[in-house]
Amino acid sequence: MKKKIYSILRGNKEDKLIYENIKICIIYLTIGFLWILFSDRIVYRFVNDTDAVLIISTYKGWIYVIVTSIILFILINNYVKKLSLKQKKLNESYEDLSAVNEELEAYVQQLTASEQVLRTQYDKIIESEEKYKNLVNEMQQGLAIYEAVSNDKGEIIEYIFLYGNKNHEIITGFNNIDLIGKPLLEIFPSIEVELIKKYEQVVKTGEPFGYENYLEETGKFYDVIAYRPKELQLAVIVTDITKKKEIEDALKASEYNFRNIFEASSDGILIVSNNEVVDCNLAMVDLIGYDSKASLIGKNQIDLAPEKQPDGELSKDKVSKIYKNISRNGSYKYEWWYKRVDGNIFPVEIVTTNILLNGRIVFHSLWRDISERKQMENKMEYLSYHDQLTGLYNRRFFEEELIRLDTEKYLPLTIIMGDVNGLKLVNDSFGHTMGDNLLKKVAEVMKAGCRSNDIVARLGGDEFVILLPNTNNIKAKEIVKRIKFLATKDTIDYVEISVSFGYETKNTTKEKVEEVLKKADDRMYEKKLSESQDMRRKTINAIITTLNRKDKRVEQQSHEVSEFCKSMGIALGLSKDEINDLRIVANLRDIGKICIDEEIFKKSRKLTNEEWEEVKRYPEIGYRILCTVNSMSQMAGYVLAYHEKWDGTGYPRQLKGEEIPLQSRILTIAGSYSAMTSERSYSKALTKEEAIKELKVNAGTQFDPNLIRIFIEKVLKESF
């Protein structure tokens with residue numbers, strides 16, 4: 001484009017148009033000049049005639065015009081051709097110039113647009129620089145820029161402070177204005193030489209360098225990044241990490257404590273990732289039964305569990321649900337059954353939490369062996385439906401079963417009510433341990449007499465109940481008969497087993513089970529009225545037998561006292577029935593001793609006050625025992641007054657004189673004489689004479705004086 005413009009401009013400079021015009025004029029003038037100069041001379045030289053000369057001159061003028069016209073035509077035509085060619089070239093140049101002009105205009109527009117873009121970018125750069133300055137000034141880290149100063153050898157000898165942002169002041173505690181122009185070593189004199197060398201490497205190579213450092217000047221820890229922003233400049237970005245360091249130290253201490261707790265915990269701890277054991281403590285190793293951590297780590301958690309859990313669900317399915325729950329909620333507490341190396345299965349309570357460990361989410365499980373608790377829970381559940389003493393079902397279970405069985409499916413439904421006869425007498429006489437043994441034996445007998453699907457329960461105290469589903473009256477009667485037969489074959493320390501039964505059957509759905517239960521209970525009490533008295537008599541006989549078995553002398557003395565009482569009754573003219581009752585009382589007088597520690601009666605030394613008070617209880621105990629039998633209530637009164645004294649100093653009611661029943665006064669004399677003449681643990685036996693003397697001495701104080709005379713004279717056959 002430049003060449004075209006140059007050629008066009010160069011052509012205009014030569015001004016060829018003027019040149020051509022001048023050339024034509026010169027040629028025309030030359031021809032005219034030569035024609036005028038030589039044509040007239042030639043004509044006058046060869047022609048002398050004036051007319052000829054005139055004619056020749058006329059023709060000479062036409063010839064001149066024709067010749068010059070031809071010459072001018074040729075010249076002008078040639079010029080016109082050149083001019084046309086020039087015009088053509090000019091037009092072409094104009095077209096080229098127009099194209100160039102358009103290109104120039106486009107270029108100018110492009111330059112204008114570029115200028116606008118550059119101006120916009122410049123404005124943005126200015127704005128960005130402002131933002132950068134603000135960002136640098138407001139950044140949380142401290143920023144300081146130093147200029148490196150080098151010597152003639154090119155070695156950096158110092159760094160001069162140039163600039164610091166606002167946080168540089170806050171973090172370091174120095175005023176930036178005061179630092180400007182100061183050397184680095186003057187600002188931080190304790191900085192290490194090795195750091196200075198590394199700064200030099202940063203300035204020379206441009207490679208950034210990061211490190212942590214503690215400055216004595218500030219007493220703080222910093223995270224530092226050094227880089228080169230420009231040639232011979234050092235920029236230092238400083239972050240105060242003192243708190244971070246404190247947190248890290250606390251975290252290290254916490255991790256140390258956690259590891260100690262982790263290892264020292266008495267509960268097993270398991271760390272699981274992707275169902276695989278990645279860590280555990282020693283308690284866990286012992287719990288599972290492995291010999292070391294190494295043998296447990298890497299195991300799949302499912303391998304540590306039985307195939308199925310107690311609820312029947314597969315362990316792998318259940319653990320998948322549990323971990324989904326933990327992932328959703330963060331933690332989960334549940335019970336799980338695991339398998340030891342030896343194959344034993346045991347229950348554990350697990351609290352699992354998802355935690356972050358080494359950058360990944362893992363499951364932290366705290367295991368606690370709850371075998372004992374489970375046993376206790378099972379025991380509690382057992383006790384909630386079972387009687388603790390007998391092992392039979394209890395009232396709660398019975399009531400729930402009664403509701404369950406009260407449907408047409410189990411008709412006819414028979415209810416048997418049972419009540420142990422003489423339990424209170426056994427408890428009072430032999431103690432509650434004996435009574436408990438009696439209840440246990442009754443439970444065994446009842447279970448042995450029932451079928452496997454029958455429900456035997458203890459309602460409480462001496463009451464039992466049996467539920468017989470799909471059982472009619474006839475079959476129930478057979479079961480009761482079988483139980484009674486089994487009871488006759490067993491005893492508890494000479495005490496026979498006696499249970500009164502009553503039963504009723506529900507045959508239709510219209511009957512109310514509550515009414516059936518009440519009828520069975522009523523029938524049981526009807527039986528008990530007749531059977532319990534007999535049982536009490538048998539129990540009293542068992543008590544006497546027990547006392548005699550413990551000490552053979554008791555049996556001998558009872559026989560001797562009985563004979564003395566008989567003789568006294570005859571001497572006093574008592575009826576046969578009264579004499580018979582007197583003899584029976586002689587055998588029952590010490591029945592209350594069954595509840596007193598027998599070791600007290602065997603002591604050779606004087607009894608303590610506490611022991612003596614215990615001994616004084618046995619007449620009352622004997623009284624209560626005998627009162628349980630209606631026919632012995634009068635005899636019970638005689639036994640109660642057995643240790644009363646004539647002068648009112650006896651026990652337990654301090655009766656005096658004839659307030660004491662006759663039979664009791666007779667019994668006191670006969671018993672005392674028998675005791676004095678028998679060998680006892682605390683004294684030797686007295687002779688007959690010595691015993692009579694004692695009776696006489698205590699006549700009127702301990703004994704009835706009138707009865708003493710009769711006893712000595714009529715029974716002992718001695719003179720008073």
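The count of aromatic pairs comes to 17 in this structure, which is a predicted model. One of these pairs joins tryptophan 336 and tyrosine 338, whose ring centres are 6.0 Å apart and whose planes meet at 55°, so the pair is tilted.

**Aromatic rings**
- Tryptophan 336 and tyrosine 338 are both buried, and they belong to a cluster in which ring pairs link Tyr332, Tyr334, Trp336, Tyr338 and Trp367.
- Tyrosine 385 and phenylalanine 397 have ring centres 5.8 Å apart with planes at 85°, so this pair is edge-to-face.
- Arginine 396 lies over the face of tyrosine 385, at 4.6 Å from the ring centre.

**Surface patch**
- Phe33, Leu34, Phe38, Ile42 and Phe46 make a nonpolar surface patch of about 560 Å².
- Phenylalanine 46, which is placed in helix α2 (residues 16–46), has a relative accessible area of 64% and is therefore exposed, the cut-off being over 50%.

**Threonine 668**
- Threonine 668 is found in helix α23 (residues 662–676), where this residue is buried with a relative accessible area of 8%.
- When neighbours within four places in sequence are left aside, threonine 668 is in contact with Tyr642, Glu644 and Phe703.

Key:
Residues numbered from 1 in each chain as written. Predicted model: local features only at pLDDT ≥ 70, side-chain atom pairs only at ≥ 80, totals over all residues. Heavy atoms only, no water. Helix = DSSP H or I, 4+ residues; strand = E, 2+ residues; numbered from the N terminus. Buried < 20%, exposed > 50% of the residue type's maximum accessible area, 1.4 Å probe, protein only. Contact = heavy atoms within 4.5 Å. Patch = residues over 30% accessible without salt bridge, like charges linked within 9 Å, V, L, I, M, F, W, Y side chains within 5 Å. Areas by Shrake-Rupley, 256 points an atom, 1.4 Å probe, with all protein chains shown as cover. Salt bridge = Lys/Arg side-chain N within 4 Å of Asp/Glu carboxyl O. Phe/Tyr/Trp six-rings, centres within 6.5 Å; stacked < 30°, edge-to-face > 60°. Lys NZ or Arg CZ within 6 Å of the ring centre and 35° of its normal.
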